[in-house]
Each structure stands twice: as C-alpha cells, then as structure tokens.
Amino acid sequence: MKAFLKKILAKPIVRMADKLASSPDSKAIHQSLDQLYKQLKTTPEQIIDFPIGEGKFILFSDHHRGKGDAADDFRNAKENYAAALDYYYHRNFTLINLGDSEELWECAPAEVIEYYKDSLEQEVKFFEDGRYYKLYGNHDLEWKFLVPQNLFLKPLFGNKFKTYEGLMLRTQWRETEYEIMLSHGHQGDSKSDGNAFSMWFVAAIWTPIQRFLEISVDVISDSFDLVDKHNIMMYNWSEKQQNLIFISGHTHKPVFASLDHIDRLRKELDYFLKNDFIEKADEIREELEKREAEYEGKKYISTMRIPSYFNTGCCSFQDGDITGIEISEGYIRLIKWKRNAETGLPERKVLELASLGYIFSMLSNSKNPQE
C-alpha cells in the first residue's frame, strides 16, 4: 500500500511543496542581493583576501542534515561528505558552508547535532585551524540568532564562533581587483526567506508525509522550472555587477560559469557522439539520464552569456552524491564526490574546470555596466 501511495502521490506532493516553499521574485531578489553586497563591502571581517594562485577554498551547500530518519536527505551522502572533508582538511583548504547545512524546519537543533556530531566535529577541525566559515540559509535560519548559536553551536565550535549571511572573497588579476560573493541564495524569496507559513507547512504537513512515504526532496518534480527561474534571477543580478562572480546554493542545481550542468552534459554528449568516442559517450549518457530524471519537468531555459554565476548544487542528492565548488591553484572547479562502483569507496571527480584568469577576462571584456 505504501509503495502504491508513493507512486501516485509523490509528484503532486512535491509539486505542492515547491509552490508553497518557494516564490522567487526578481525585483525582491535583486534588492536583497544589492543590500547584502553593500554590507559585505563595508564589513572587513567578512572579506577574505587571497592571492589568485594560492587561495584554497571548498564550498558546499544544502546538506539538510536531519536526524537519520526517512525525512533526512543527508543520510545517503554522509560517507561521501566525510571523505571529502578528510581530503580537503589534509590539503589545507578553507571550508565554507553556504547554508541549509542543518534541516531546522523539520528537526530541533539538538536532534541534528546529536545525530551528526561526528560530521560536525570534522568541521570543527577546520574552524580550530582558522579555515571554516558557516553561512545560514532559509532552512537553518535559526543560526542567524545568538540564542541558538550559544545553545547549540558554540559548545561545539567555541565562544568565538560566528555565522554569516554572506562572505566576500577578493583577489587581483592583471592589477585589477575581482570579487567572489558568497551567500545561500534565498534572499528575496518571500516563501523561503524566513517565512513562518513555509516553516509550518514543512514541519506540520510535509515532513510527516515525507517520512511515511520516504519521499526525498530531490525526487522528480514537475515544478523544477522554479529552480531554473531562480538561478536565472540570481544570474541576472550577477551580470550587472562589475568584476564580480556570485556563488550561491539553495536551488540544489549545479551551475558552472552561468551554464547548468545538465546543459553542459548535453553539449559534451553531442561532442563525443560526433567524434565517435562511443565509450565516453555511453558514460556521459548514463550520467545525463540520471540527472535529467532528478530534474524532470525542467521547462525554463535561458541563455546566460556572462560567466558571472555559479551554484554549488547540494550535499543531499538522493543517490548520495554531493557537489561543490573548489577554488584553488588559480582554478575554479565544479566537483562531485560519489561512490566508486568498483571499490565502493568515495572518490572525487572534476565535472567542470576553468582558470580564474579566463573567467575574470570574460567578465572584463563583457559589457555589463553597474546599474
């Protein structure tokens, strides 16, 4: 009976959740990002300067750590995430989580911290070395406030621990200053940005149904055009800025240099087929089919010509894969951690790569005056 109900109810339920939990509005998003950008530029503690060839950062987002039950979207990804943190810690990366790390719409903070204490303690090691920053999103907006910070985070991280709405990475290339603005990306979304009704709906309606039917947030949805619309609204803001890259999370959909990963896979498949690389084409086709299934219903397509917008994707894909953005050695990469089919062990895979110098030159050569 549960399997039957899941089959017939999954799409309508997720469609309803999308409509009630997200309502991106271009004007509100742009105003909110303008405000955050101005605040970051005048707050030195939220600006991280780094030499272009030496800075090492790994950006993750949207873990949605719960309490280990059927509604916990991180439970399948925890081993890949643990392996990734071990890799980056020993290579001296700075870890930046872009929000929705904890699922506080569905769970009490104490429940999440108790169940995922081992995962959080890995993050503590970065913080103790001065290499960790935690941003809050809409699903863990509680971390914005001092009382929950003092009760739940500071006992783990220490009294000097802080959370942020955004950060600014800043570097120079060819004697010109460039900025990389980081935030969760929920700003200006009236149904995500701390909206009380959305939080009630998730906690009282969505979560019990999700637990009973074991429906993941990343299951097929007919409303994923909202994902594209939201990414495009954030891109449209970024292209108006001068010498700036904007990196967010929130939508769960990876974007690299303003082109989403599904569109890149399609272009890559076309290239391999035209050049008779059959084995490689089969590999890409398998990956494309899997990702297209996750984003079935994708209807909204727009050309984003300037490589000013990136999205980390998420750490809560149903198959346990996680995606993130690396910045190191003068390059920016979209990476994925997944379980190797032969060894069964987590492994890192580079999905997209570009030199920061190339990205910056494209920004400088494009006609995108500040408005």
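## A buried serine at the end of a strand

A residue is called buried when its relative accessible area is under 20%. In this predicted model, S328 has a relative accessibility of 3%, so S328 counts as buried. You will find S328 in strand 12, which covers residues 322-328.

Which residues does S328 touch, leaving aside those up to four places away in sequence? They are G55, K56, F93 and R333. With R333 there is also a polar contact between the two side chains, at 2.7 Å.

Y178 sits in strand 7 (residues 176-183). Its relative accessibility is 2%, and because buried means under 20%, Y178 falls in the buried class too.

Setting aside residues up to four places away in sequence, Y178 touches L169, R170, T171, W173, N243, F360 and S364. Two of these partners deserve a second look. N243 lies 65 residues from Y178 along the chain, yet their C-alpha atoms are separated by 5.2 Å.

## Helix 3 against helix 5

Now to a pair of helices. The axes of helix 3 (residues 78-89) and helix 5 (residues 117-128) come within 10 Å, crossing at roughly 15°. Since angles under 35 degrees count as roughly parallel, helix 3 is roughly parallel to helix 5. The crossing is left-handed.

Helix 3 contributes Y81, A82, L85, D86, Y88 and Y89 to the contact, while helix 5 brings S119, Q122, E123, K125 and F126. By class, the contact has six nonpolar, two polar and three charged residues.

Methods: Residues are numbered from 1 along each chain as its sequence is written. This is a predicted model: local features need pLDDT of at least 70, side-chain atom pairs count only at pLDDT 80 or more; totals for chains, interfaces and linings use all residues. Side-chain values use heavy atoms; hydrogens and water are left out. Helices (H or I, at least four residues) and strands (E, at least two) are DSSP runs, numbered from the N terminus. Buried means under 20% relative accessible area, exposed over 50%, partly exposed in between (1.4 Å probe, protein chains only). A polar contact is a pair of N or O atoms within 3.5 Å; within protein, one must be able to donate a hydrogen and the other to accept it, and residues adjacent in sequence count only if both atoms are side-chain atoms. Contact means heavy atoms within 4.5 Å. Axes are lines fitted to C-alpha atoms, for helices over the stretch in contact, and angles run from 0 to 180 degrees between N-to-C directions. Angles under 35 degrees count as roughly parallel, over 145 as roughly antiparallel, 65 to 115 as roughly perpendicular and the rest as oblique. A crossing is left-handed if the near helix is turned anticlockwise from the far one by less than a right angle, and right-handed if clockwise. Ala, Val, Leu, Ile, Met, Phe, Trp, Tyr, Cys and Pro count as nonpolar, Asp, Glu, Lys and Arg as charged, and the others, Gly among them, as polar.
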